[in-house]
Amino acid sequence: MDIHVYTVAAAVAVIAGVGAALILRKKPSAIWSPPRELEPSHPYYEATCRAQIDVARLTREEKLDLIMGIGWQGGPAIGNVAPIASIGFRGLNLQDSPMGVSIANDVTAFPSGLNVASTFDKILMEQYGAAMGKEFRELGFSIQLGPAMNLMRAPAAGRNWEGPGGDPYLASVSASLIVRGIQSNGVIATAKHFIGNEQELFRTTSSSNIDKRTFMEVYFAPFEACVREGVGAIMGSYNKINQKYACSSPIVNELLKSDLDFRGIFMTDWYANYDYMVSDLIMPGFWRVPVLPKWYNWTGFFASWPLIGQFFPRSPWHIPEARLNDMATRILATYYKFGQDKPDFPSMKFNCFKEQRKTGSECSGRAYKFNEQSSAIARKVAAASVVVVKNERNVLPLSKEKKPKIAIIGEDARGPKCLNEFPMRQGNDGTLAQGWGSGTANFPLLVSPFEGIRDHAIGCEVVSSFDNDDLKTAARVAADADIAIVCANADSGELILALMNIVEGNWGDRNDLKLWHGGDALIEAVAAVNKNTVVVLHTVGPVDMPWFNHPNIAAVVFAGLPGQESGNSLADVLFGDTNPSGRLPYTIFKSRSEYAADVLYWSLSWTPQINYSESLFIDYRHADQHSITPVVPFGHGLSYTTFSYENLHVSEVYRCDNKQPSHVVRAVVTVTNTGMRGGHEVLQLYVTFPKAAEEPPKLLKGFEKIWLEAGETAEVEFLLDARLDLRVWGIDTDKWKHIDGIYRFMVGASSRDLRVFVDKSLNFPEEWQ
């Protein structure tokens with residue numbers, strides 16, 4: 001009887017599978033239209049013309065092979081597209097991550113994307129991308145799967161550290177400049193994850209429900225900026241957006257490919273749900289098995305089955321020839337656009353799946369391959385991203401001349417017991433310099449805070465205690481020191497496979513905003529006995545700081561996830577070799593309940609609904625709208641010198657050059673270094689729109705970083721493209737519009753420290769409405 005039941009069940013499953021396969025074969029679910037004809041001035045014109053010629057020479061089967069990766073571990077990289085000999089196509093090799101080459105030894109472990117945003121430094125953003133891109137190129141990778149640009153909507157979200165923080169303007173500038181740097185090497189950058197991927201839990205089944213205005217003004221902004229920069233690839237996310245899977249969503253065709261005329265590759269995330277009428281490249285694709293017919297003849301049958309179906313490509317026979325040609329043309333045109341067909345573009349030099357991860361003493365240290373070309377920029381970015389949020393009694397910078405006795409306390413101050421012990425950093429031992437997941441890189445070396453401070457503190461006595469649980473010893477060591485530096489951290493990461501990527505009970509997203517491993521108790525124990533306590537935090541984002549106003553805590557330093565040069569970059573700032581210039585790219589509130597949004601942790605729905613009900617009001621916008629006083633405001637960061645602002649002037653500039661914005665709003669402010677040493681100042685421009693625009697109270701619309709010697713004065717200029725920077729999405733018109741009226745322009749040192757302002761009446765051309 002049981003056998004009979006199983007036989008019937010199997011037969012039903014097969015029939016259902018065949019039926020579903022036939023349905024999929026005949027019914028594409030998304031609407032596609034051919035791209036408009038390119039003008040000769042278009043950056044993709046020559047590459048597209050060449051690609052169209054080559055596509056015309058391909059058989060349908062060759063085109064199908066071009067759009068489908070060759071399967072997990074089917075090639076030397078994380079993702080691979082097979083060569084096509086008939087047109088001399090060398091294939092594509094795609095590799096994580098946004099902070100360095102993943103699953104490889106002897107590469108640079110750069111600072112995180114959140115650290116890069118913390119620099120507020122446009123030059124460093126591009127240099128960071130260029131340094132990474134150079135390593136990808138030299139190792140033979142065609143496509144870097146980064147940068148990440150999902151926003152910090154919920155502070156506990158697991159991959160916040162990979163992205164650019166809580167403001168869409170900062171995210172747009174940071175992401176697009178990293179893209180520029182990467183692609184300066186001929187490596188294709190990938191803007192990811194498109195779109196609404198702001199948490200890890202339920203990421204493959206949930207629907208991110210975002211109203212059109214919030215979508216366009218907030219979450220779409222960094223992707224639009226990257227398309228305008230010329231990004232070669234965009235990766236779709238796993239989640240649904242407004243009930244439709246992102247890699248199947250009509251917004252890809254309507255907004256990216258039509259409205260923005262994106263001519264690059266739209267690829268799926270690995271095993272994401274997709275539609276051939278939307279996604280151009282399916283990753284990781286499927287293995288080419290010699291003993292079986294070609295993948296496109298049989299995998300569609302299994303693709304329609306529950307559970308296992310996501311691992312099989314869907315039947316491609318329903319793809320219209322025009323659409324298939326478009327997919328193949330996009331892939332080849334991008335390949336040609338970046339010169340990857342040329343003999344000087346390197347071939348892959350290793351197989352990342354066959355490399356044994358170097359751990360502990362096996363790591364190469366300063367002898368690693370890219371040390372001379374990359375470690376200096378990694379250290380510079382890490383130091384520029386250090387944010388001093390509190391510095392009372394001028395306890396910082398530390399003075400080596402006074403030869404203070406320095407206590408270094410906390411397990412986050414020491415190096416890990418075994419470097420790279422945890423695959424993809426899925427563990428928290430010692431100092432935290434990366435989160436976990438696919439967005440990581442193996443460390444060739446890791447300079448701990450203890451090592452960095454010790455090596456800087458020449459002539460000073462340095463003592464330590466690394467056991468977070470031994471509060472008595474920590475207090476004893478701290479009590480006998482002139483300065484007590486206590487280090488603590490909070491980790492998070494990616495939820496790849498549910499049972500394989502849980503770290504200390506956290507499923508990618510953090511369970512709370514507390515410091516890990518008893519960090520709060522350790523800080524309070526040290527502060528109780530030492531009046532010059534300096535707190536150093538290596539965190540993936542905001543944390544609760546119940547001890548922040550303790551009278552003995554003289555300084556609080558956010559170092560983020562600084563990568564391999566952690567200790568060196570921290571010591572550079574603590575001892576004043578680098579005057580701190582990092583600014584916080586998110587807001588820290590007093591309690592978790594004060595944040596605009598939170599992670600959805602629990603749902604019984606087949607499609608959990610993540611409602612972006614906070615609308616435009618995330619991060620500092622939320623604080624402003626609801627009159628909440630944050631613990632640390634967005635954009636805040638202290639220097640070892642001081643600056644004054646005056647004479648803000650705002651004017652309009654009109655141009656006739658088609659290559660330049662036609663209507664520019666120019667703001668100029670005078671800034672003076674009023675302190676005793678040279679340093680960088682980060683000037684931030686915020687704009688308040690007319691009331692009729694119904695925008696948040698103020699929006700970041702510019703930032704400039706300038707170095708001034710003590711006593712030096714300079715004028716700093718902000719140029720706003722009025723058409724792009726001063727637009728709002730019209731709910732009634734379903735298009736961009738511009739609101740005539742009085743705009744307030746404010747310049748200051750943070751979102752809550754605005755020094756000068758000017759009101760300016762602006763009127764926009766009728767054709768913009």
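Contact is taken here to mean heavy atoms within 4.5 Å. Helices (H or I, at least four residues) and strands (E, at least two) are DSSP runs, numbered from the N terminus. The structure is a predicted model, in which local features need pLDDT of at least 70 and side-chain atom pairs count only at pLDDT 80 or more, while totals for chains, interfaces and linings use all residues. Residues are numbered from 1 along each chain as its sequence is written, and side-chain values use heavy atoms, with hydrogens and water left out.

Two packed helices are described by the angle between their axes and the distance between the axes. The axes are lines fitted to C-alpha atoms, for helices over the stretch in contact, and angles run from 0 to 180 degrees between N-to-C directions. Angles under 35 degrees count as roughly parallel, over 145 as roughly antiparallel, 65 to 115 as roughly perpendicular and the rest as oblique. A crossing is left-handed if the near helix is turned anticlockwise from the far one by less than a right angle, and right-handed if clockwise.

Helix α5 (residues 122–138) takes part in a pairing with helix α12 (residues 371–384), where the axes come within 10 Å and cross at roughly 150 degrees. Helix α5 is therefore roughly antiparallel to α12, and the crossing of the pair is left-handed. On the α5 side, L124, Q127, Y128, A131, K134, E135 and E138 meet Q373, S374, I377, K380, V381 and A384 of α12. By class, this contact of α5 with α12 comprises 6 nonpolar, 3 polar and 4 charged residues; Ala, Val, Leu, Ile, Met, Phe, Trp, Tyr, Cys and Pro count as nonpolar, Asp, Glu, Lys and Arg as charged, and the others, Gly among them, as polar.

Helix α5 also packs with helix α6 (residues 168–183), at an angle of about 40 degrees and with the axes 6 Å apart. This angle makes α5 oblique to α6, and their crossing is right-handed. Residues of α5 in the contact include M125, Y128, G129 and M132, and those of α6 include L170, V173, S174 and L177. The contact of α5 with α6 divides into 9 nonpolar, 4 polar and 3 charged residues.

A further pairing joins helix α2 (residues 45–57) and helix α11 (residues 321–337), with axes that come within 8 Å and cross at roughly 130 degrees. These two helices are therefore oblique to each other, in a right-handed crossing. Among the contacting residues are A47, R50, A51 and D54 of α2 and A328, T329, L332 and Y336 of α11. The residues of this contact of α2 with α11 divide into 7 nonpolar, 4 polar and 3 charged.

Helix α3 (residues 60–67) contains R60. Helix α3 is mostly covered, with 6 of its 8 residues buried, where buried means under 20% relative accessible area, exposed over 50% and partly exposed in between (1.4 Å probe, protein chains only). The buried residues are R60, K63, L64, D65, L66 and I67, and they pack against α2, β1 (79–81), α10 (295–303) and α11. The relative accessible area of R60 is 17%. Neighbours within four places in sequence aside, R60 is in contact with P316, W317, I319, E321 and L324.

The structure holds 0 disulfides, a disulfide being a pair of cysteine sulfur atoms within 2.5 Å. The sulfur of C226 lies 17 Å from the closest cysteine sulfur, in C247, too far for a bond. C226 is buried, with a relative accessible area of 0%, whereas C49 is partly exposed at 27%.
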